Amino acid sequence: MHRKTIMVLGMHRSGTSAVARMLNLLGSDLPRTLMPEAPSNPKGHWESNAIMELNDAILRSGGSSWHDWQQFNPTWYESPVVSDFMQRASIVLHEEYGTSHLFVLKDPRNCRLIRFWLDVLKDADVQPLVVIPLRNPLEVADSLEARDGMHRDFALLLWLRHVLDAEYGSRKCCRVFLTYDNVLEDWAEVVERMQSTFGITWPRCPANIAR
């Protein structure tokens, strides 16, 4: 597989946007239809609005939502609706990234839908390289409470669901774990570790992205 995507699989409010932007500055392509900036993310989310909407539709079809802490219906993958969503995902992937050989695929919902997206990427002959950003769950809960008024206990369950699903679903992938603090304190080490683990060379010089 010559084409590669770096999948950022992290819980909401866990530094996924910072990681996605860092990967973009290193030369990884972003999607064509970026999610708009918001007060909670004034510098941008750096993810596809079209893929987010598709993921929401998939979750709804399985009786779920982005803020559901329970496991996504495992029998959904044997249901008649899957083929239609696979076709839609193939179209969206092409519309968002074209023939890019290195792109960032980021949406926290992908933690719960990783099985689906790995199938889509396999059909598209794209190799997934996985980055799993982790952040103190208490900090995530505080952030969700401030942004959405979410109860702390519920936010912690949501954090656990995303982290467990991301870890379990990506076990067969080449992957890197990092923390939000890693990115803030020593991003250069994170970049070096990703490059070494993934066996790739960044299109842009890492030393230049701090300028």
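**View A. Helix 1 lies across the strands of the sheet.** In this predicted model, helix 1 (residues 16–25) lies across strand 1, strand 2, strand 3 and strand 4, and runs at about 170° to strand 2. Helices (H or I, at least four residues) and strands (E, at least two) are DSSP runs numbered from the N terminus; angles run from 0 to 180 degrees between N-to-C directions, with axes fitted to C-alpha atoms, for helices over the stretch in contact. Residues are numbered from 1 along each chain as its sequence is written, and side-chain values use heavy atoms, without hydrogens and water. Local features need pLDDT of at least 70, and side-chain atom pairs count only at pLDDT 80 or more, whereas totals for chains, interfaces and linings use all residues.

**View B. Four strands form an open sheet in the order 2-1-3-4.** Pairing, for which DSSP must find at least two bridges between two strands, is parallel. Strand 2 and strand 4 (174–179) are the edge strands. Strand 1 (residues 3–8) is joined to strand 2 over five bridges, and M7 has L105 of strand 2 as its bridge partner.

**View C. Helix 3 packs against helix 4.** The axes of helix 3 (residues 82–97) and helix 4 (residues 114–123) are 10 Å apart, at an angle of about 65°. Contact (heavy atoms within 4.5 Å) involves F85, M86, A89, S90 and L93 of helix 3, and F116, W117, D119, V120, L121 and D123 of helix 4.

**View D. F116 touches residues that include I58, W76 and Y77.** Further residues touched by F116 are F85, M86 and A89, leaving aside residues up to four places away in sequence.
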